Amino acid sequence: MAPRIQLERAAWSWADTVKPEDVTEEHIEKAYRIRVPACKRVVCRRNCKGNPNCLVGIGEQGWLGEIDENSFHNIDDPNSEKRDKNKFVGLTNLGATCYVNTFLQVWFHNLELRETLYLCQNSRAEEHNMESDYEPQSICEHLQYLFALLQNSNRRYIDPSGLVKALGLDTGQQQDAQEFSKLFLSLLEDTLSKQKNPNLQNVIQQQFCGQSAYVTVCNQCGRSSLLPSRFYELELSIQGHKQLTECITEFLKEEKLEGDNRYFCENCHSKQNATRHIKLQTLPRTLNLQLMRFVFDRQTGHKKKLNSFISFPEVLDMGPFLEEKDEKCVYELNAVLIHRGISAYSGHYIAHVRDGRTKEWYKFNDEEIEKMEGKKLQLGIDDDIAEAKSQTRKPKCSKGYHCSRNAYMLVYKQQTEGDSNEKITEEVPAFLQKLVDRDNRKFEEWCIEMADMRKQSVDKGKAKHEEVKELYKLLPAEDGQPFEFVPLEWLKKWLDDSSLTKSIDNSKFLCSHGKLHLDKIGDIKRISAKAAEHLFKRYGGSPRLDRSSLCKECVVQQCRVLRLKNQLNKDYKEVSSLMKIPVKSNEGFWVGKASLRCWRQLALEQLEDSQKETHQPNGKTNGEGPEISALQDTDSKDQENEEMKTFNEDILCLHGGMSISVGEKKLISHDVWSRLKVYFPSAPEFAYNQDACQQCIMLEREGKENEALNRMMAIEQKTNLLNLFQDRNRPTLHKWPQDTDVLYIVSLFFVDEWKKFIRKPTKSSPVSSIGNNVLLCPHGGFMFTYESMVKGDAQHVVLLWPSEWDVINRLFLVDQPISIYRLSENIQNTTNVHYRTQPELCLDCREGLIFQQQRDLQEYTQATVYIMKESAPELNVSGSDAEDEREELKIEGESDPDFYQSGDGAKRQKLGEFVRSSTVMPISQKSGIRRSTRHRKLRGEKALIVSANQTLKELKIQIMHAFSVAPFDQNLSIDGRCLTDDSATLGSLGVIPECVIFLKADEPLTDYAAMDDVYQVCMPEEGFKGTGLLGH
């Protein structure tokens, strides 16, 4: 048994032997559990809500032992923001600017470029007033100040938002890193070319620019044509290659110009076959090799990433690739730029860079910088393994080589005799160092301020710690000593955080007598009067509950209820035994069967209603034993089915007499009734010889007569209108009957209601009138034309033969006859047929109806359309091939959730057996069976939820996820019309709810990584349009 139930039973164990008028102070203390032993911290693991003396598990654990100072505050240690000695400074990632950070770190470690930028004239910085923050303007000023901070800042990382904002970059969108590198160097070259110092104007060309030439040789005359060119990086294709040298060789290989691509030779004066290749004439000091990992995929129409391994050396000899083969040109690996991720449109960029001074390698990952052990490049498994589920193993690399599947750019530095870096003095100019020193002072002030805030929080926490430890020792109330009650939740909040602790509110724990409520003892704790005085003095609150707040009236009332419930339990067993004894037919009382099933529950409810003060929100009374709870649980099942208010009301009729229903009542003995009468003294009493209600008997007789009349009426109407009831031999408008010139019209609603009555005449009310006014406009005109009813409006009406109309007129009241006439005219031996309705058509209202219908079809939201993917036709398939295909279709149908199969096992017809139409099927057809206007999904179709204002491109994205067909491979059509304008809305394209759109795919796409790329670029890619990199 649960400890809480044990405590409840112990608190009221005396109630069976003590009368309510004999309750003493000792009984009151037991009921309020004053003398229940307090729990010990070692034995009790969590707070006992049933024990008001249990003060364990209320949040004291964190205060009683030694506490870590860091738990007293949420302020990071400012020392963690300081730059470590001999460490480089990181850059903050502003959202998706990791690609910018990697290049900034690579360019910062280019000592020649850094020295050059420091030499740039910057009058604004030189004349800046140190009392205000320095705000660079030009790109050169931003880069100059940023490099100075990276070099001498005391911060662990700095914020590049000034430069990013000046460039106009979107911090939330990841851009093409290789394109950013090209555009930024071009912008920097243009900026430096305007410097007055001639030594600075050509720095970018000296560092990064090489000379090449396109050489074209005519195969006919052998004439060689040379077109010189400059390059700042070599774009190397990696597809199909494993070595960097293979990529360079392919870059320089000959290309044949033949066919439509022939070369016009000025010597031959005609187009001739020729060869073309690239010659490298001179190479720059810093050689940037762009590995073309991000390529255009013709199949998807978007970029994708090649995740193949490429091996590259630490020392690269470019001599064999130069025009002058004997020229010595050796490069050392200086940086490797890495892209983590399998998609070209997402992922993360980091850089491995070698320090120009110490030759040590560092990994730059935004704010985090890690020094590599030793002086060797270590790409590491964390950087170099893509997230794809590829089983490709990393190939073994020779000594002096590295392999990567994520490297997208390699930076090589030309070897020179001696160390060229020794001649470089990249000291920060004095005017920039002043700005850096000012920033360092601000940073130190911030660190001191944060340290003071941490210290204040720690001191406050320690004081609270000591206070809680001392006060918690005073909380337990000793036996015989004064005590008070405080809420359990308040104690928990007090131990959680004293600064947020509110005043003590005991008002919700009071009974109707203004004292402590018995049922709230589990939500309140008994503490010593000394501790209570301290808490109320500091935090305030009311009312204060002490020993005088124990309510004797509540205890006496609860004792009375418990004694009655225990007696009820005994009486229930006796009644159950007496019910098994047969009752003589000439004695006893009539009782409702439902009342007998739930009499115990009704008695319990009456007891609880009479004692509302001791009624808990959950319906259980404090102190009741498990037996009483079990009684309530079993009887509640009966109460779910029958909502009983008073005993025996279930056989009480509307007139106050006994019900005529024999099956609802049972005859019980006088002994059983006498026991029940104790609990229900005001219950209706019906002796064994009392007659049932005469009025009810008379009404029952009349009801049976009415049912007989309804059956006779239904039989007569069904006989006279059998074809209408069975939908057989119905007239249709598209094939007008030859033997009549007039047909009559009634509303479909009338026919449906009439058929309900014919099928179940005893349960449905008979139909007495026909309301045709619903088919008319406010002016009394008919709302449909002959043509509209043929096309689909006939779903609202039912056509009648003249003979049926005569029967209708005789059996029902018709508010407005509606008919349609066929009129024939002979003009010059030609018979012209036209149709007229009575009442005649109201043109104005008809146009309004059409306009509203068209508007509804163009302004829908959350509507369903169906996509049917067209497959290759199954023509000329013979032999085993046809059998295999049929078997494959069968298996597919069994597992496809979109394949419809009716309840009797009959499968749906094939698509070819249906005629697709965007209009609604007429109600009356040749077969005489009304077709459903709702589209039923067929095998192979998929339902999509769309809106009228959605564009066709957005629909194609939905179709891509449903069918794995890229948008540019989708050919969509509806009713033979091709849907081609991706920017048009579905409403303007005539896509209406419940229509079927046919999908024809050019080629299936199985590259799901590429599919993800397509999804991410469903909006047009604008690149660096509108940014400072393009001169805006």
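Modeller: Two strands count as paired if DSSP finds at least two bridges between them. Helices (H or I, at least four residues) and strands (E, at least two) are DSSP runs, numbered from the N terminus. This is a predicted model, where local features need pLDDT of at least 70 and side-chain atom pairs count only at pLDDT 80 or more, while totals for chains, interfaces and linings use all residues. Residues are numbered from 1 along each chain as its sequence is written, and side-chain values use heavy atoms, with hydrogens and water left out.

Now the sheet. It is open, has 3 strands in the order E23-E21-E25, and pairs antiparallel. E23 (524-528) and E25 (545-546) are the edge strands; each has a single partner strand, so one side of each lacks a neighbour in the sheet. Strands of a sheet pair through backbone hydrogen bonds, either parallel or antiparallel. E21 (residues 483-487) is joined to E23 by 5 bridges, and the two run antiparallel. Within that pairing, Glu484 stands opposite Ile527 in E23.

A helix covers part of this. H15 (residues 488-496) lies across E21 and E23, at about 75° to E21. Axes here are lines fitted to C-alpha atoms, for helices over the stretch in contact (heavy atoms within 4.5 Å). Angles run from 0 to 180 degrees between N-to-C directions.

How confident is the predictor? pLDDT is its confidence in each residue, from 0 to 100. Among the elements of the protein, E21 has the highest mean pLDDT (94), and helix H28 (residues 879-895) the lowest (39). The protein's mean is 80, with 82% of residues at 70 or more. Over residues 613-642 pLDDT stays under 50, and the model has 56 contacts there beyond four places in sequence. Where pLDDT is low, the predicted coordinates should not be read in detail.

Of its 1032 residues, 45% are buried (under 20% relative accessible area, with exposed over 50% and partly exposed in between; 1.4 Å probe, protein chains only). Leaving aside neighbours within four places in sequence, Phe184 touches Trp107, Ile139, Leu143, Leu167 and Leu1029.

How values were computed. pLDDT = per-residue confidence, 0-100.
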